Amino acid sequence: MAEKQLAGKTAWVTGSSRGIGQATAEQLAKAGANVVIHGSTLNSSSYFDEGDSLSAVAEKVGRENGVKTMFVVGDLTKVEVVKDLVGQIRAGLGHIDILVNNAGGDTGSMGAAGKNAGKIVEGNDPLFLPYEEVRTILDRNLMSCIIVCKEVVPAMIERKAGWIVNIGSIAGLAGLPAASIYCTAKAAVHEYTRCLAAYLRPYGVHANVIAPGDVLTPRFKASRPLEDARLDQASLERYGWPAEIARSVEFLCSEGGSYITGQVLRVDGGRQIWAG
C-alpha cells in the first residue's frame with residue numbers, strides 16, 4: 001500500500017471545530033497528517049450538531065484515519081493565547097508543518113450562537129455598521145491570521161519547509177454593498193498572503209489562499225434562506241460542499257502544489273470568472 005502523501009506531517013487547522021475547518025482537518029488526516037483541532041470554545045462544534053465537543057471531534061478524526069490528533073481552545077485574536085496554543089501543539093505533536101488559517105467568518109460580536117447564526121443582516125454596510133462589529137470582523141478574520149502566522153511561520157523558515165493555506169473568500173474579490181467589512185477583511189487576508197509568500201520564497205515555504213464561494217456548512221444553512229436553484233447538484237451554479245474546499249487545501253499542501261505560492265485560488269464553481 002502506497003504511503004499517504006502527508007504521512008508524518010503535523011497540520012494545525014484553526015477554526016476546525018466545525019464546517020470547512022472540520023472537513024479540512026478530516027481531509028488532511030486522510031492524507032496521513034497528524035492534526036490539531038481548534039475551536040474558540042470547548043463546545044463550539046456542538047452549535048450546529050457537528051460534534052459533541054472539540055475532544056470528540058479530535059478523537060473521531062484520529063480513530064477514523066489512524067493518525068495522532070489533539071485539540072486546543074482559545075481566542076486567536078489574543079497574542080498571548082496564540083503563543084500558549086503554539087507551545088501546547090509543539091509539546092504534543094512536535095513542529096507544525098502545515099498551517100491552515102480557517103478561523104473567521106461573517107459573524108458579528110454575538111458569535112455563531114447569536115441570531116441568524118451570528119450573521120449580521122441589518123446595517124451590514126461600509127458606513128453604518130457599529131464600530132464594535134467592524135473591529136470584531138477585522139480581528140476575527142484578519143488579525144487572527146496575522147497573529148497565528150507570526151507565531152508559527154518563523155519556525156518554518158528555520159526548517160526551510162512549510163505550507164500555509166489561508167482561507168479567504170470570493171467576497172474579498174468583489175465590491176459588495178452588504179458585508180463590506182467582511183469583504184475588506186478577506187481582501188486583506190489575500191494581500192497579506194501574497195506579501196507573506198514573497199517574503200518566504202527564499203526559504204522554500206509555500207503560502208496560498210483558498211477563496212471559497214458559498215458553501216453548505218451547517219452554519220451557512222442556519223444563517224440565511226437558501227436558493228432552491230443552487231441546490232441542484234447537476235449544475236456548477238450550485239452551492240459548494242465543505243469537502244470540496246478541503247480537497248483544494250490538500251492539493252496545495254501536497255506534491256500537486258510544489259511550485260505554487262502566492263496565489264488566490266477561487267473554489268466557487270465558476271461564480272467569479274474574471275482576472276484578479
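How many aromatic pairs does a search of the whole structure find? The search finds 2 aromatic pairs. This is a predicted model, in which local features need pLDDT of at least 70 and side-chain atom pairs count only at pLDDT 80 or more, while totals for chains, interfaces and linings use all residues. Residues are numbered from 1 along each chain as its sequence is written, and side-chain values use heavy atoms, with hydrogens and water left out.

**View 1. The tilted pair of Tyr199 and Tyr203.**
Tyr199 and Tyr203 form an aromatic pair with 6.2 Å centre to centre and 45 degrees between the planes. Rings of Phe, Tyr and Trp (its six-membered ring) pair if their centres lie within 6.5 Å; planes under 30 degrees apart are stacked, those over 60 are edge-to-face, and the rest are tilted. Tyr199 is exposed, because its relative accessibility is 53%. Tyr203 is partly exposed, at 27% relative accessible area. (Buried is under 20% relative accessible area, exposed over 50%, and partly exposed in between, with a 1.4 Å probe and protein chains only.)

**View 2. The edge-to-face pair of Phe220 and Tyr239.**
Here the centres of Phe220 and Tyr239 lie 5.6 Å apart, with 65 degrees between the planes. This pair links distant parts of the chain, 19 residues apart. Phe220 belongs to helix 6 (residues 218–223), and Tyr239 to the loop between helix 6 and helix 7 (242–252). Helices (H or I, at least four residues) and strands (E, at least two) are DSSP runs, numbered from the N terminus. Phe220 counts as buried, because its relative accessibility is 8%. Tyr239 is buried too, with a relative accessible area of 2%.

**View 3. The largest cavity and its lining.**
The structure holds 1 cavity of 30 Å³ or more. The space in the largest cavity is about 40 Å³. On a 1 Å grid over the protein atoms alone, a cavity is a set of points where a 1.4 Å probe fits but cannot get out; a pocket is an open set with protein on both sides within 12 Å along at least five of seven lines; lining residues have an atom within 4 Å of a point. Grid points are joined across faces, edges and corners, and a volume is the space filled by probe spheres set on the points. The lining consists of Asn101, Asn102, Ala103, Asn141, Cys145, Asn166, Ile167, Lys186 and Val189. At least two lining residues come from each of helix 4 (131–159), strand 5 (162–167) and helix 5 (180–200). By class, the lining has 4 nonpolar, 4 polar and 1 charged residues. (Ala, Val, Leu, Ile, Met, Phe, Trp, Tyr, Cys and Pro are nonpolar; Asp, Glu, Lys and Arg are charged; the others, Gly among them, are polar.)

**View 4. Thr14 and its surroundings.**
Thr14 sits in the loop between strand 1 (10–13) and helix 1 (19–30). Thr14 is buried, because its relative accessible area is 1%. Its side chain reaches the backbone nitrogen of Asn102 at 2.9 Å. Beyond its neighbours within four places in sequence, Thr14 is in contact (heavy atoms within 4.5 Å) with residues including His38, Leu76, Val100 and Val148. Asn101, Asn102 and Ala103 are also among its contacts, and these three residues are among those lining the largest cavity.

**View 5**
The pocket has a volume of about 210 Å³. The lining has 3 nonpolar, 5 polar and 4 charged residues. Asn116 lies in the loop between strand 4 (98–101) and helix 4. Phi of Asn116 is near 55 degrees, a positive value in a residue other than glycine. Asn116 is partly exposed, at 30% relative accessible area.

**View 6. Ile170 against Pro212.**
Ile170 is found in the loop between strand 5 and helix 5, whereas Pro212 lies in strand 6 (residues 205–212). Ile170 counts as buried at 10% relative accessibility. Pro212 is buried at 5%. Not counting residues up to four places away in sequence, Ile170 touches Ala211, Pro212, Gly213, Arg266, Asp268, Arg271 and Gln272. With neighbours within four places left aside, the contacts of Pro212 include Ile20, Ile167, Ile170, Ile245 and Val267. Ile167 is also one of the residues lining the largest cavity.

Terms used:
Polar contact = N/O pair within 3.5 Å; in protein donor to acceptor, adjacent residues only side chain to side chain.
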